[in-house]
Amino acid sequence: WDGAPFYYQYLIEKPSFQKRYIELFNETRDNLISFVDDAFASIDKEAHSQLLEYSNARFGTSKTTLQTRRDRFVNYLTQHLAWMETQFN
């Protein structure tokens, strides 16, 4: 709720909003992973490597490959989608 607009708590109580929200979820969930894959594929790998080097030098962070970042995000997204499905049933 922290990031939701103030009116969201009122909308989510309306049956018509709930119905449409679930419809949109069902329409988009199966395409989310391929959307993520396409987004990660569009990232310039050299630019990402340079960003990692800068980030490591400035903040002392570890070097995480683009593939690792993609895998972590997809894992999170998969778990979150599974949780969301339990909320709709």
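Modeller: Let us begin with a charged pair: Asp 71 and Arg 70 form a salt bridge, and their closest N and O atoms are 3.0 Å apart. Please keep in mind that this is a predicted model.

Biologist: How is the surface exposure of these two partners, Asp 71 and Arg 70, to be read?

Modeller: Relative accessible area under 20% is read as buried, over 50% as exposed, and values in between as partly exposed. Arg 70 has 17% relative accessibility and therefore counts as buried. Asp 71, with a relative accessible area of 35%, is partly exposed.

Biologist: How many salt bridges does a search of the whole structure find?

Modeller: The search finds seven. Another of them joins Arg 29 to Asp 30, where the closest N and O atoms are 3.7 Å apart. Here Asp 30 counts as exposed, at 63% relative accessibility, while Arg 29 is partly exposed, at 23%.

Biologist: Let us turn to aromatic rings. How is the geometry of a pair to be read?

Modeller: Two rings pair if their centres lie within 6.5 Å; planes under 30 degrees apart count as stacked, over 60 as edge-to-face and the rest as tilted. Five aromatic pairs are found in the whole structure. In one of them, the ring centres of Phe 6 and Tyr 7 are 5.3 Å apart and the planes stand at 85°, so this pair is edge-to-face. For Phe 17 and Tyr 21, the centres are 6.0 Å apart and the planes are at 40°, so that pair is tilted.

Biologist: Where do Phe 17 and Tyr 21 lie?

Modeller: Both are in helix α2, residues 15–41, four residues apart, or about one turn of the helix. Together with Tyr 8 they form one aromatic cluster. Phe 17 has a relative accessible area of 24% and is partly exposed; Tyr 21, at 30%, also counts as partly exposed.

Biologist: Which residues form a nonpolar patch on the surface?

Modeller: Phe 6, Tyr 7 and Tyr 10 do, with about 410 Å² of accessible area together. Phe 6 is found in the segment before α1 (8–11). Its relative accessible area is 67%, so Phe 6 is exposed, and Tyr 7 is partly exposed at 42%.

Biologist: Is His 48 buried or exposed?

Modeller: His 48 is buried, as its relative accessible area is 10%. This residue has its place in helix α3, residues 45–59. Leaving aside neighbours within four places, His 48 is in contact with Ile 43, Thr 64, Thr 65, Leu 66 and Arg 69.

Terms used:
Residues numbered from 1 in each chain as written. Predicted model: local features only at pLDDT ≥ 70, side-chain atom pairs only at ≥ 80, totals over all residues. Heavy atoms only, no water. Patch = residues over 30% accessible without salt bridge, like charges linked within 9 Å, V, L, I, M, F, W, Y side chains within 5 Å. Areas by Shrake-Rupley, 256 points an atom, 1.4 Å probe, with all protein chains shown as cover. Salt bridge = Lys/Arg side-chain N within 4 Å of Asp/Glu carboxyl O. Helix = DSSP H or I, 4+ residues; strand = E, 2+ residues; numbered from the N terminus. Buried < 20%, exposed > 50% of the residue type's maximum accessible area, 1.4 Å probe, protein only. Contact = heavy atoms within 4.5 Å.
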